[in-house]
Amino acid sequence: MCGILFCLKRSQGSQKKDINNKEWDLLKKKIDSRGPDSALSKKIEIEILNDLNFKNQYNLLFYDSVLHIRGLKISKQPYVDIYGNILCWNGEIYDGINVPDTESDTLILSNILSEISNDCNEFSMKKKLLDTFKTIQGEWAFIYYQKKQNLLWFGRDYLGRRSLLWHKPVNENDTFIITSVGQLNNSYKNKDDNYEEDNNIKEENNKDNNESLNESEEVVNTFWEEIQADGIYCLDLNKFSIKNMENHIIKYKWSAESLDDLYLEAPFSLINTYIPKDNELSELDNITNIPKTNEIIEKAINQLEVVLGEAVRKRMTNVFGESSSESSKVGLLFSGGLDCMCLSVLADRYVPKNEPIDLLNVSFENPRVQNVNQRRKEQRLNNNNKKRKLANDNTNNQSENNESVDEKDDKIYDVPDRITGRKGVEELRKICPNRKWNFVEINIEYSETLKYRKHIMDLICPLTTLMDFSIAMSFWFASRGKGFINVNGQKIEYQSKAKVLLSGLGADEQLCGYGRHRTHFKNGSWKGLIEETQLDISRISTRNLGRDDRIISDHGREVRFPYLDEQVMSYLCQLPIHLKADLRYPKGIGEKLLLRHLARKLNLSNSSKEPKRAIQFGARAAKMELGCGKTKGTEKLKY
């Protein structure tokens, strides 16, 4: 994994620091957080003809940081080949291109692109380059500068699993920037200099700037845009002007259908639109209250186990670092829910048995929820006081006062995801007893959420909604991995060292796990459900994967998505809808039916019944402030 930062700017003559301004340095700091193992910059100067055929001097500045995960040796970036081509690669190649376990996929990809760049036929060269990225299976975003052709290529994988933002200049003196992570723009100017990290990032004194903020002002972003994961872009640097830049950018689209022009073939098809007949639907077992299976369903379960298991194997093995019985190289964002429990059992099959696996479980102190609970508790006591005798009241009050401060503090963090997480890890320890499962309880005080609020707001940029922020806050604190583990009844402080984290994202979209799927099934039967499921899959790339990458990678960790593996998605797309979900049955049974069947096969009988719960509500990260209970997730953030 790496952080990517690129800048194209008119040369300022004798000024040596034409690019190295304060904003650039702030971006570099965020890029450094993504890749703690290496950071390099590369600057080149080129001449470009403008629309009037006058030559102008431009600087191209590349800055990359690297988290060493694959290969025996770190491949520092930006990587410059012998021909002067420059590759900035933030990705993983699991399939499509052969990458031996001991090799770096950055070097192998660079060698392939170098050979392609020597092709003198422009059409042939571009087709080979696009075909190369089309065949790559894995999460990726990249920038590639071809020196001979003077072309700048950039883009994201079909699902947008790695972040890439851009700022398009508004005038001749402005700067064209591509980056993995941005920051809030001029209305805010990244006034979060109170951000203090454990990895020796120094706290900057910014009191005056913070005091100037209007806390009732809505967060706005007019500077950054997310580069859409709808194709690979090519900027011709031979002749263009900043003000007409968009006219010089060609987009080669991803498409599930054949196109006449150059394009990238989508890695999987549209979903199966077969409408099931009544006699093909499962019946509910009256004793177990579980839909019955048949030979067709059993075959689907077995095949899902194969493709999902392989997706987990590719993402949890060959992670660089020394094996240890005390420290984990891999972990999961863990709520104890259905999706992550299945991934945990499959991970146990492939991670070396002597290595622990971290299960990161986050819980927030939520003043609003606590206030509501306290009022309910007081109401119950008032009601009881009317019914009980004074002596009984005194006894009850005395027993309540005897509750220790520590017990009260612990109960604050007994949120839904903590409760299911504890149940989940106990289930894992029973069926995978030879594995050391580090259940990391991450308790976040309300004051700490305020401390890092502006930093997290920067990371989710260009997104600015309350829902994006609450989800991002959950992932940021969870992936930081700082909490405690329980050893023989004792709380031991623990800091996860995992480089790779698995996420269960993608299961709900493909297996009808959201409430809206039930709504469409109710209103439109199987046809309505198919249409909504296809819509969900089609818009995965436009939703939140870039945000999650920016948030989690801020701790120098890489998030990977087994449910969004190309082979998994290809398999699920070809299955008829009724094998994946049957929403005739209630919540906790019908949605994600195929995955629930797999969970039962994996001996996860308790987890197979868990309903869907969004992380921001399960961890109590949403609606923290008093009086905000009726706010909507689509509302804008305020400073």
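User: Leaving aside its neighbours within four places in sequence, which residues is aspartate 358 in contact with?

Analyst: This is a predicted model, in which local features need pLDDT of at least 70 and side-chain atom pairs count only at pLDDT 80 or more, while totals for chains, interfaces and linings use all residues. Residues are numbered from 1 along each chain as its sequence is written, and side-chain values use heavy atoms, with hydrogens and water left out. Contact means heavy atoms within 4.5 Å, and by that rule aspartate 358 touches Ser328, Val330, Gly331, Leu332, Asn438, Tyr494, Ser496, Lys497 and Ala498. Of these, serine 328 is 30 residues away from aspartate 358 in sequence, yet the C-alpha to C-alpha distance is 6.4 Å.

User: What makes aspartate 358 count as buried?

Analyst: A residue is buried under 20% relative accessible area, exposed over 50% and partly exposed in between, using a 1.4 Å probe and protein chains only. Aspartate 358 has 0% relative accessibility, and therefore it counts as buried. This residue lies in strand β15 (residues 357-364), where a strand is a DSSP run of E with at least two residues and a helix is a run of H or I with at least four, both numbered from the N terminus.

User: How do you know that helix α12 is mostly covered?

Analyst: In α12 (residues 453-460), 8 of its 8 residues are buried, and among them are Arg453, Lys454, His455 and Asp458.

User: Why are α5 and α17 called roughly antiparallel?

Analyst: Axes are lines fitted to C-alpha atoms, for helices over the stretch in contact, and angles run from 0 to 180 degrees between N-to-C directions. Angles under 35 degrees count as roughly parallel, over 145 as roughly antiparallel, 65 to 115 as roughly perpendicular and the rest as oblique. Helix α5 (residues 295-316) and helix α17 (residues 566-574) pack at about 160°, with their axes 8 Å apart, and the pair is therefore roughly antiparallel. From α5, Lys299, Ala300, Gln303, Leu304, Val307, Leu308 and Ala311 meet Val568, Tyr571 and Leu572 of α17.

User: What makes β4 and β13 edge strands?

Analyst: Two strands pair if DSSP finds at least two bridges between them. In the open sheet of 7 strands, the order is β4-β5-β6-β7-β11-β12-β13, with mixed pairing. Strands β4 (79-80) and β13 (264-265) each have a single partner strand, so one side of each is left without a neighbour in the sheet. Within that order, β7 (residues 151-156) and β11 (residues 231-236) pair in the antiparallel sense over 5 bridges.
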